[in-house]
Amino acid sequence: MPLPKAPSSMGATVEAETASPLLPERVADAPAPGRQPPRAARAKRPLAAILTKQPAAATAPATPASAAASAPAAPALALAPAAEGKPQPAQARQPVPRPTQTPLTPRPQAGAAKPAAAPSKPRRLPTAQRKLFVLDTNVLLHDPSSLFRFAEHDVFLPMIVLEELDHQKKGMSEVARNARQVSRYLDELVDTSDLSKGVPLDALGHTDALGSLYFQTRPTNTHLPLELPMGKADNVILGIVHGLREHDPKREIVLVSKDINMRLKARALNLPAEDYLNDHVLDDSDLLYDGVMPLPENFWNKHGKDIESWQQNGLTWYRVRGPLCGQFIVNEFVYYDGEMPLSGQVREVTGKSAVLSTLRDFSHAKNSVWGITARNREQNFALNLLMNPEIDFVSLLGQAGTGKTLLALASGLAQTFETRRYTEIIITRATVPVGDDIGFLPGTEEEKMLPWMGALEDNLEVLHQGAAGSLGSSSNGQDWDKTPAMDLIRSRIKVKSMNFMRGRTFLNKYLIIDEAQNLTPKQMKTLTTRAGPGTKIICLGNIAQIDTPYLTEGSSGLTYVVDRFKGWPHAGHITLQRGERSRLADYASEVL
C-alpha cells in the first residue's frame with residue numbers, strides 16, 4: 001500500500017530544509033549540535049546584542065519526517081525496465097503491531113525519574129518527494145563515501161561512470177585506492193538487492209542515507225539541445241541527465257560534479273548542476289576559528305562582579321561570570337586593552353562562568369625561547385601554546401613571514417635540549433611543487449626530502465646564534481653549518497617523508513607538519529593518529545597557498561583539523577596576523 005501524499009499547505013517553506021547536504025547555503029549556516037558557531041559569525045554580531053543576551057538566529061535542520069509532512073508530492077520516476085507500464089509503490093507500509101498491556105509492570109513511584117523515550121526512527125520520504133542526484137566519476141574518486149552523503153535523497157549512477165571507475169582502479173595512487181573502495185561499496189550494496197527497484201543506501205549501516213541507489217539499466221534515446229561529441233564521457237552523462245529530466249519533468253534531478261567545465265556545460269544546457277560540497281568544513285575561510293577574541297570595552301562592567309582569583313603554577317587565575325562567558329572556547333585567547341588590561345587564556349567554561357589565566361610574557365628577553373622572543377601579541381599566544389606540556393596539538397595559520405616555522409622550531413629545540421621533554425624533532429611536509437616537477441631525486445629518504453626542507457635550513461641559520469649560546473659553543477668565524485653545535489642539533493632533527501608514515505607510532509617526539517594546507521582530511525587523520533604517549537604535533541600552513549588540485553580553503557585538511565580540534569582541552573590554535581620577516585616581505589604581501 002503506498003504512503004499517503006503529504007498535504008501541500010506547508011510545502012512552500014520546506015524546500016530549503018529538505019535539500020541535500022551538498023548545498024553550501026544549507027550546510028554552513030547551521031552549526032552541528034553541541035558545537036560553537038564560527039568565530040567570524042560571532043564577531044559580526046553587534047556588541048549590544050552579545051551583552052544583552054539576544055539570541056542569534058539559528059536554523060534547525062529538518063528531520064526527514066518533517067520534510068515528508070510538508071514537501072510537495074510528485075509522480076515517481078521509473079528508472080528500470082521492470083517499472084515500465086506499471087508504477088512501483090514508493091514504499092510498502094509495514095504493519096505496526098499493537099502494544100500488549102502488561103498489568104504486572106509496577107507503576108512508577110511519585111518523584112521517580114521518567115524513563116527516557118526511545119529515539120524515533122527516521123522515516124523515508126516517498127520516491128516522488130526525493131531529489132535524484134546523478135554523480136560524476138570525479139565525485140566518487142574524490143570521496144568514496146559520497147554515495148551515503150545525500151541524506152534522504154536518491155543517487156543515480158550512469159553506466160559510463162562504472163566504466164571510468166574500472167579504468168582508474170589500477171595502481172597505488174590515492175585515486176586508484178578510492179576507485180577500488182567505491183567498487184567494494186557497490187558490490188556490498190547490490191549483493192542481495194534487486195537493481196530494478198533500487199538499492200537502499202542504508203543497507204551497510206549508514207543510517208543517515210535514507211535514499212536509494214539506481215543504476216542505468218537501459219539506453220537513453222534523447223538528444224541534447226546542442227551538438228556535442230558523444231564519444232566523451234562528460235557529454236554522455238549530460239545526455240543521461242537530459243533524458244531523465246524529459247522522462248520525469250516534475251522531479252528535481254541534479255548533476256553533481258567536481259569538474260567546473262562540466263558544470264558550466266550543464267548550466268548552458270539548462271541542466272541543474274552543483275559542486276560536491278559535503279567535504280567542505282566552511283564555505284568561507286573568513287569564518288574559520290582564529291583562536292583569539294578581543295573583549296568589549298564594557299567587559300569589566302558586565303563581568304567585574306564576584307571575581308575569584310588565585311595563584312597557580314606562577315600564573316594568576318580568575319573566575320568571571322557574565323553573558324559573554326558562554327561564547328568562550330577552551331584554550332581560546334582573550335585580551336582587553338582598556339584601563340584594566342588583560343591578556344589571558346580560557347581554561348574552563350561552565351555555563352555563564354569561565355576560568356581565565358594570565359600568560360607567560362615571551363616578549364621579554366628573560367623568557368626567550370632558544371634566543372627568540374615574541375614580536376607581537378599573536379606570537380606570544382603561539383609560544384604559550386607551544387611551550388605548554390598540557391597541549392598535545394597546536395595549529396598555526398598565517399601568511400608568509402609571520403614566524404610559524406621559526407616559533408615551532410625554536411620551541412622544539414628548547415624542549416628537546418634544555419628541558420629534555422622530547423627525544424627528537426621530526427619534520428615532514430606534503431611534497432607538492434609550486435611549479436613543474438623536477439623529477440626523481442637521488443639519495444636516501446632524508447636526502448630526497450632535503451630540497452623540500454629549505455625552510456628548515458633557513459630557520460636553523462636564524463636560530464644558530466641562540467643554539468651556540470645555549471650549548472656553550474661559538475662559531476669563531478667558522479661556517480655556521482660546520483660547528484659542533486649544529487652537528488648536535490642535526491643529530492636530533494629527523495626529516496621524514498609522509499609516504500612512510502602509516503603504521504608508525506611516535507613516542508616522546510616533537511612532530512612538525514609543515515605546509516599542512518596541502519593535505520587532505522584523510523592524510524591529516526593518518527598523521528595525527530601516529531602520535532604516541534608524550535608526543536606533540538604542530539601543524540603549520542597558510543590556506544591561501546594551496547597547491548594541491550581539488551583542494552580549496554574550505555576542504556583543506558588544515559581547515560578540517562582546526563575546526564574539529566576546536567574546544568578540546570589539549571589542543572590550541574592561533575592565526576598569526578602580522579608579518580615579521582622584513583619590510584619588503586610585508587609590503588609585498590599587501591600590494592602583490
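Predicted model: local features only at pLDDT ≥ 70, side-chain atom pairs only at ≥ 80, totals over all residues.
Let's start at Trp317, which stands opposite Ser357 in strand S12. Strand S9 (residues 315-321) is joined to S12 by 5 bridges, and the two run antiparallel. Strands of a sheet pair through backbone hydrogen bonds, either parallel or antiparallel.

S12 also pairs with strand S11 (residues 342-350): here 6 bridges join the strands, again in antiparallel fashion. One place to look is Val349, which stands opposite Ala354 in S12. S11 and S12 make a hairpin with 2 residues between them, and Gly351 in the turn has a positive phi of about 65 degrees.

Now, is S12 itself enclosed or open? Of the 6 residues in S12 (residues 353-358), 6 are buried, so the strand is largely enclosed by the rest of the structure. In a regular strand the side chains alternate between the two faces of the sheet. You can follow this along S12: Ser353, Val355 and Ser357 point one way, Ala354, Leu356 and Thr358 point the other way, and all are buried.

Next, look at another part of the model, where 6 strands form an open sheet in the order S3-S4-S2-S1-S5-S6, with mixed pairing. Strands S3 (199-200) and S6 (273-274) stand at the edges with a single partner strand each, so one side of each has no neighbour in the sheet.

Technical notes. Residues numbered from 1 in each chain as written. Heavy atoms only, no water. Pairing = 2+ DSSP bridges. Helix = DSSP H or I, 4+ residues; strand = E, 2+ residues; numbered from the N terminus. Buried < 20%, exposed > 50% of the residue type's maximum accessible area, 1.4 Å probe, protein only.
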